[in-house]
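Me: Got a model open here and want to go through its charged pairs and one of its helices. Can you take the questions as they come?

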Amino acid sequence: MKRILITGGAGFIGSHLCERLLKEGNDVICLDNYFTGSKDNVRHLLDNHNFELVRHDLIEPYYAEVDEIYNLACPASPVHYQYNPIKTTKTSVMGAINMLGLAKRTRAKILQASTSEVYGDPAEHPQREDYWGNVNPIGVRSCYDEGKRCAETLFMDYYRQNRVRIKIIRIFNTYGPRMHPNDGRVVSNFIVQALQGKDITIYGDGSQSRSFQYVDDLIEAMVRMMDTPDDFTGPVNIGNPGEFTMLELAEKILHMTGSRSKLQFLPLPADDPKQRRPDITLASERLGGWRPVVTLDEGLEKTIEYFRRIIEK
């Protein structure tokens, strides 16, 4: 049994990770301030004696004796991270400093949940880990983009200077049950709008593309990454290389939900990437042949069913 700390553990991805690590017999501390996370996401785990839920804001230090740390805490959708951009940057940067300090003191292994947003609006396609990105450092998205880039810097410097055992993954668009219905991300937006019979809002002409990864595939990769040898730090792209335009996604969701919603085209937000697709060669090589196994249709079916239930409540 390992004692594992998950920051942002009551969030969409964090709650699935809590489940997985508890199922493997570990002792899990779930840390969250509930800005975008919710106690409802982990309520079913509260009776598990190996699970501990702590309300805490990561910009303040936290002390515990742990073997591993998964640092997931940070609002990840534009609606939420632009709501309080200064707090978003503080969460990424000060949160990383606090968790790296804890890892240094306890000699714990620590994984940073970074993001494909470090590539910005990429000039290379697909994106490989050795691409440095094309990021606007003063734009409305930079609180998140640059905050995550700075966190990666801190992780590498703690590794080089203090020999802290670090892992860095760059998460590409991920979806699944427990997404926040109002988080502004495209999959949840389209599904909720379709189920409610509202217009499907597409920004730009719908030709911009994304790659969509089901949450179970991400969790598998995270656990495998944590178990890699100490001399392998990453960063590693974790995503599904299948690429779809916004228009293709909208039409697929309309078909799967049986909705009669219409498409509404709105202006493209500032600094919105035109395309995003991971090169996952490194992940496949270093994570035991890991590849996404859940197709977009399979994942959307489960996600639509989840949103049906919460909308009908």
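Predicted model: local features only at pLDDT ≥ 70, side-chain atom pairs only at ≥ 80, totals over all residues.

Me: How many salt bridges does a search of the whole structure find?
Reply: The search finds 22 salt bridges. One of them pairs Glu19 with Arg178, with the closest N and O atoms 2.6 Å apart.

Me: Where do Glu19 and Arg178 sit in the chain?
Reply: In distant parts, 159 residues apart. Glu19 is in helix α1 (residues 12-23), and Arg178 is in the loop between β7 (174-175) and α5 (186-195).

Me: Is Arg178 buried or exposed? And what about Glu19?
Reply: Arg178 has 16% relative accessibility, so it counts as buried. Glu19 is at 23%, so it counts as partly exposed.

Me: What does Lys109 pair with?
Reply: Its side chain meets that of Asp230 in a salt bridge, 3.9 Å from N to O. Lys109 belongs to strand β5 (residues 109-115) and Asp230 to the loop between α6 (215-226) and β11 (236-238), so the bridge ties together parts 121 residues apart in sequence. Lys109 is buried at 10% relative accessible area, while Asp230 is partly exposed at 35%.

Me: Which helices does the Asp297 and Lys252 pair tie together?
Reply: Asp297 and Lys252 form a salt bridge at 2.8 Å, N to O. Asp297 lies in α9 (residues 296-312) and Lys252 in α7 (residues 246-257), so the link is between parts 45 residues apart in sequence. Asp297 is partly exposed at 38%, and so is Lys252, at 24%.

Me: Which residues do shared partners join into one network?
Reply: Arg20, Glu24, Glu220 and Arg224 are joined that way by salt bridges.

Me: Switching to α3. What span should it have, and how far apart are its ends?
Reply: With 22 residues (85-106) at 1.5 Å a residue, α3 should span 32 Å; its end C-alpha atoms are 31 Å apart, which agrees.

Me: Where is the kink in α3 centred?
Reply: On Thr91, with a bend of about 25°. Thr91 is also among the buried residues of α3, which include Val93, Met99 and Leu102 too.

Me: What covers those buried residues?
Reply: The cover includes β1 (3-7), β4 (68-71), α2 (78-81), β5, α4 (142-162) and β6 (166-171).

Me: And what follows α3?
Reply: Arg107, with a positive phi near 60°.

Terms used: Residues numbered from 1 in each chain as written. Heavy atoms only, no water. Salt bridge = Lys/Arg side-chain N within 4 Å of Asp/Glu carboxyl O. Helix = DSSP H or I, 4+ residues; strand = E, 2+ residues; numbered from the N terminus. Buried < 20%, exposed > 50% of the residue type's maximum accessible area, 1.4 Å probe, protein only. Expected span 1.5 Å × (residues − 1). Bend = angle between axes of the 7 residues up to and from the residue. Contact = heavy atoms within 4.5 Å.
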